[in-house]
Amino acid sequence: MLEQLLTGFGDAFTLINLMYIVAGITLGIVIGAIPGLGSVTALAVLIPISYYMPPLSAIAFLVGVNKGGTSGGAIPAILLNSPGTPEAAATALDGHPMARKGEAQRAMKFALYSSVTGDMISDVMLIFLVVPVAAIALQFGPLEFTSVLIFAFALLAGISGGSLIKGLIAIILGVFLSTIGLDPMDSSARMTFGTIYLFDGLPLIAVAIGSLALASVIEQVFDLWRAGGETSSSVDADIAPSGSSLPFGEFISHWRTIIRGALIGSGIGMLPGLGVTLAAFLSYGAARNASKTPENFGKGDPEGIIATEAANSAVVGANLVPTIALGIPGNIAAALLISAFIIHGIVPGPFMLTMHGEIIYALFASMIMANFVHLAVGKTGIPIWARIAKAPRGLILPAVIVMCIVGVYLPGQSMFDVGVMLAFGGIGLIMRRTGFSVVCLVIGFILGGMFETSLRQSLLLYKSDFSAIVQSPIAIIFLALTAILLLRSAWREIKNATN
């Protein structure tokens with residue numbers, strides 16, 4: 001593995017690749033610093049640009065966007081007390097009080113340094129764990145793989161929102177939509193309504209950008225309209241220089257909190273569907289419980305920022321373990337990265353390391369390099385990010401809508417794709433307003449083709465004999481875990497409803 005990694009560094013350490021990494025991290029931070037957007041919106045909007053890049057540079061660029069967007073969310077949380085994404089709410093608990101005390105730059109440096117450190121730890125764990133996990137996954141047949149996907153769907157539905165039923169409905173809808181197009185077995189048309197535009201199915205990028213980015217932007221436009229304009233609780237625009245110094249020794253003195261947060265984030269990231277928000281609040285709670293002065297949390301304690309940001313960014317690398325080893329995204333950002341892999345002809349799943357080993361190890365090297373670039377770009381741009389975070393959303397949001405339309409149109413130069421994006425923007429908005437999980441819909445859509453293929457292969461292989469499940473210990477374990485998850489989630493909902 002060390003030899004492949006060194007070869008990967010040789011392939012990745014090029015001027016063009018470094019330029020794409022710098023551009024990805026910078027754009028990620030800029031978009032993440034705009035309240036309400038974040039790394040998922042940044043990825044969804046920028047994936048179409050990767051069409052015009054070499055595969056390695058494209059994936060490295062998007063990983064940089066994800067890294068920058070995740071840490072960029074801390075900027076509005078600290079300066080404006082406006083966590084545009086749920087995970088940034090934990091950062092705001094101590095970040096904004098620090099900014100109010102004139103220590104805004106120190107707070108942003110704590111966030112940046114802990115973000116980069118947690119990300120680095122997570123990337124190292126990814127490199128060492130992905131090979132053994134993929135080796136185990138290679139032992140899976142169609143039946144085992146079907147059971148793993150069913151378990152992933154149940155896990156996602158149980159924790160993605162307030163209702164298990166709504167989560168399952170969203171996943172089923174996503175799987176159903178993935179069946180539109182030509183049948184993978186006999187090439188017969190399914191729900192194409194006589195139009196050749198649907199022979200290849202619904203365009204993945206249009207569905208993702210419409211339901212995630214466009215729906216989020218439209219929702220914010222409506223919120224601004226109802227509120228009658230911008231509201232802000234920002235600190236003074238001129239950040240006090242006296243609160244800017246952060247010696248390395250002071251930061252590293254919090255090493256226990258850093259490592260704890262990175263391990264919590266990595267553990268959460270490896271489990272499909274749990275996401276960044278859970279990691280952020282679990283790490284914050286663990287840091288508070290372990291602190292000798294828990295009463296300081298919520299009043300500007302740096303450990304609150306460190307714990308949250310280390311865990312947030314640790315998810316970025318760790319969620320690629322199931323993505324690369326199993327082809328199952330750890331969260332929605334990883335799901336979007338899977339779509340980028342597919343666009344560039346890289347097949348997700350256990351064979352990714354054997355079929356595309358050179359690109360994957362070069363990607364690992366790019367991720368390590370991106371952490372150093374992230375530190376340099378983030379530290380240099382701290383005064384600039386403060387200005388971006390204060391930009392009126394009334395000016396930013398229309399520009400994002402234009403970027404969504406252009407991003408969907410350019411790859412295929414098809415107005416049909418734009419129409420699909422607009423339709424799913426409306427669907428995503430309705431789902432948000434009615435409590436259905438858009439994440440479940442998108443992941444169901446992305447994994448739907450994989451699930452259908454493995455399920456049909458299982459039925460053909462075992463001649464629809466369901467007793468074959470008993471002969472597979474792996475399938476039994478994952479189906480049993482699925483039943484436990486569903487029953488536990490249902491019991492929790494019933495208990496909450498009766499209280």
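On a 1 Å grid over the protein atoms alone, a pocket is an open set of points with protein on both sides within 12 Å along at least five of seven lines, and its lining residues have an atom within 4 Å of a point. The model is predicted: local features need pLDDT of at least 70, side-chain atom pairs count only at pLDDT 80 or more, and totals for chains, interfaces and linings use all residues. Residues are numbered from 1 along each chain as its sequence is written, and side-chain values use heavy atoms, with hydrogens and water left out.

The second largest pocket is lined by 36 residues. Asp200, Leu202, Leu204, Ile342 and Phe445 lie nearest its centre. Its volume is about 930 Å³, taken as the space filled by probe spheres set on the points, which are joined across faces, edges and corners. The lining comprises 23 nonpolar, 9 polar and 4 charged residues. Here Ala, Val, Leu, Ile, Met, Phe, Trp, Tyr, Cys and Pro count as nonpolar, Asp, Glu, Lys and Arg as charged, and the others, Gly among them, as polar. Helix H22 (438-461) gives the most to this lining, with 6 residues. Other elements that each supply at least two residues include helix H10 (204-227) and strand E1 (181-182). Helices (H or I, at least four residues) and strands (E, at least two) are DSSP runs, numbered from the N terminus.

Leu202 also belongs to the largest nonpolar core, which has 85 residues. Such a core is a set of buried Ala, Val, Leu, Ile, Met, Phe, Trp, Tyr and Cys residues joined through side-chain atoms within 4.5 Å. Leu202, Ile209, Ile324, Phe364 and Met421 touch the most other members. H10 gives the most to this core, with 10 residues. Beyond four places in sequence, Ile209 touches Ala44, Val45, Pro48, Leu214, Cys404, Val408 and Met421 (contact: heavy atoms within 4.5 Å). A second, separate core of 31 residues includes Ile21, Ala60, Leu112 and Ile306.

Lys67 lies in helix H4 (residues 55-72). Lys67 counts as buried because its relative accessibility is 1% (buried: under 20%; exposed: over 50%; partly exposed: in between; 1.4 Å probe, protein chains only). Its side chain makes a polar contact of 2.9 Å with that of Asp123. A polar contact is a pair of N or O atoms within 3.5 Å; within protein, one must be able to donate a hydrogen and the other to accept it, and residues adjacent in sequence count only if both atoms are side-chain atoms.

Arg433 is in helix H21 (residues 415-434). At 44% relative accessibility, Arg433 is partly exposed. Its C-alpha atom is separated by 8.9 Å from that of Glu219, 214 residues apart along the chain.

Methods: 1 Å grid on protein atoms, 1.4 Å probe; cavity = no way out; pocket = protein on both sides within 12 Å on 5 of 7 lines; lining within 4 Å.
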